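Trainee: I would like to go through the strands, helices and rings of this model. Please take me through them step by step.

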Amino acid sequence: MKTNWDAIVVGSGINSLVCAAQLTAKGRRVLVLERAAVAGGCIRTEEATVPGFRHDLFSMSYPLFVTTPFYPQLAPKLEAHGVRMVQAEIPTGVLLPDGRSLLLRQSREANVAAFDAAHPGDGAAHARAMAGVEEQAPLLFGLLGNEPRSFDTASLLGRTLLKQGVDQLSAFGADSLKSARDWLEARFGSDLVHALIAPWVLHVGLGPESAASAMMARVVMFTLEAAGLPFVEGGSDRIVAGFRAIIEGGGGALLTDADVEEVTVERGRATGVRLADSRAFTARRGVACNVTPTQLYQRLLPAEHVPPATAERAADYRYGRACMQIHIALSDPPAWADPELGKVGLLHLTPGMDGVSRAVNEADRGLLPAEATIVVGQPAHADPSRCPPGTSMLWIQLQELPRTIRGDAAGEIAVPADGRWNDEVAQAYARRIIARITAHVPNLERATLGMRVLGPHDLEAANVNLVGGDPYSGVCSIDQFHLFRPFTGTRNHATPVKRLFHIGASSHPGPGLGGVSGFHAASAIG
């Protein structure tokens, strides 16, 4: 293994892979280093239950990745290495305890009709909301996609100001800060529509009452309607293999079991890295670290290279609610009362917007929610290659869990004295969730061939960036978002050390499996 490289990328998640692929396209030789035994970060596929069932352990779908400006350039290269995207027939839907459901399809006309059937006028409200996103798309997606402190962003704001005027631009800013609850209750009369949209703010690390959650809800709805819910055929690890082939084809390398212990710095510039096993590698043009601020400024960088203000802000960086995953192998497809529900890529089981809000509040107070929002992923309908013929699988995610447990809102599960998650608590909570799903899927118990529960402690053990089981590597509240992600005093993806760049979910534009921060770092490294 050579020791001298053009660039080094620490971590192998989607942002790392995009960064390395972009640099490879420029003729740079890139070394990607992954501390785990398996590359991909939160992209990992395993036969986690019984042989023949390929479960995506953590992340599963790619709507934000396929809608990036750089995806059209990457797609042919990935396809050349066997990566193929397949679409869920119906992107998302919601199912309430009373059996009522509402689906969102890749058709504006169908969605307007469905919303109007739920409550007269809600279809028109949906059409207006989506038209509003379309109208402001250059500004909205420019702010999310460009570097916050850049000529591109300043130019975008200037052009928009000249075109729209102060009042209209100010109105856009004020509207962008609204909560999802305020927006939904003001615009939609149906509790079903509220229940369909509200859970999606969880997927961007927010809650229904969070500032800016209305804007993110509209962006998500627009993206799902326009781009659908794509999966990687055969399992998400195929995209990791595709990126690896691109990197290695350009003279680069991807090493696993390579725990970076220190970023080496000389005369204020990052020059390479040293591993825990004492191996050292140099980087001629730059180093990009796909880590949390805690890892970057308290572990990887020697203290003498971290300004006191940066060290203090890194220490104050806040992590969010925990997550757990449940994977189930089924002998036959789930028997939903409405067969259309079996075609949904990501189905939410929830009592409604108030239920989402209550579960978020309970988790924030350290309680195991009595009735958490259940995210049911059904990749096998769109991609039957993931499991044997005639069988199926469920990918279940719970995003409203406390990182430290202080109690159980339902008063049923004993809380560990130290408040830490363990296998016993995770299994007990999983039983609560499975019982709720079984109420809607009567064949679930009979059809279950195997089940794997991954508690927050398992997520953190698998990926050091998932602190306490937080899948988004930090709270996405307004004070840790956009200009302020990961914290004030930072400039885009640069760090106080020259040629050292911070990428990943803890950096702008945050989580979402899009690869945007990796793209920007590659542009800066050159």
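Trainee: In what order do the 7 strands of the open sheet lie?

Mentor: Strands here are DSSP runs (E, at least two residues), helices are runs of H or I with at least four, and both are numbered from the N terminus. Two strands pair if DSSP finds at least two bridges between them. The pairing in this open sheet is mixed, and its order is 7-6-14-16-17-13-19.

Trainee: What should I know about the model itself?

Mentor: It is a predicted model, where local features need pLDDT of at least 70, side-chain atom pairs count only at pLDDT 80 or more, and totals for chains, interfaces and linings use all residues. Residues are numbered from 1 along each chain as its sequence is written, and side-chain values use heavy atoms, with hydrogens and water left out.

Trainee: Which residue stands opposite H327?

Mentor: Start with the strands. Strand 13 (residues 322–330) pairs with strand 17 (residues 392–401) in the antiparallel sense, over 8 bridges. In strand 17, the residue opposite H327 is W395.

Trainee: Which residue takes a positive phi in the hairpin of strand 6 and strand 7?

Mentor: Strand 6 (residues 90–95) and strand 7 (residues 101–104) run antiparallel, joined by 4 bridges. L95 has S101 as its bridge partner. The hairpin has 5 residues between the strands, and the positive phi, near 95 degrees, belongs to G99.

Trainee: And in the hairpin of strand 10 and strand 11, which residue takes a positive phi?

Mentor: Strand 10 (residues 260–266) and strand 11 (residues 269–275) pair in the antiparallel sense over 6 bridges. T264 stands opposite G272 there. With 2 residues between the strands, the positive phi near 50 degrees is taken by R267.

Trainee: How many residues lie between strand 11 and strand 12 in their hairpin?

Mentor: Strand 11 also pairs with strand 12 (residues 280–290), antiparallel, over 3 bridges. V273 stands opposite F281. In the turn, S278 has a positive phi of about 80 degrees, and the residues between the strands number 4.

Trainee: Why is helix 6 called oblique to helix 7?

Mentor: Axes are lines fitted to C-alpha atoms, for helices over the stretch in contact, and angles run from 0 to 180 degrees between N-to-C directions. Under 35 degrees counts as roughly parallel, over 145 as roughly antiparallel, 65 to 115 as roughly perpendicular, and the rest as oblique. Helix 6 (residues 137–145) and helix 7 (residues 151–176) have axes 10 Å apart, at an angle of about 125 degrees. That makes helix 6 oblique to helix 7.

Trainee: What kind of pair do F141 and F222 form?

Mentor: Rings of Phe, Tyr and Trp (its six-membered ring) pair if their centres lie within 6.5 Å; planes under 30 degrees apart count as stacked, over 60 as edge-to-face and the rest as tilted. F141 is in helix 6 and F222 in helix 10 (residues 213–227), 81 residues apart. Their ring centres are 6.1 Å apart with planes at 40 degrees, so the pair is tilted.
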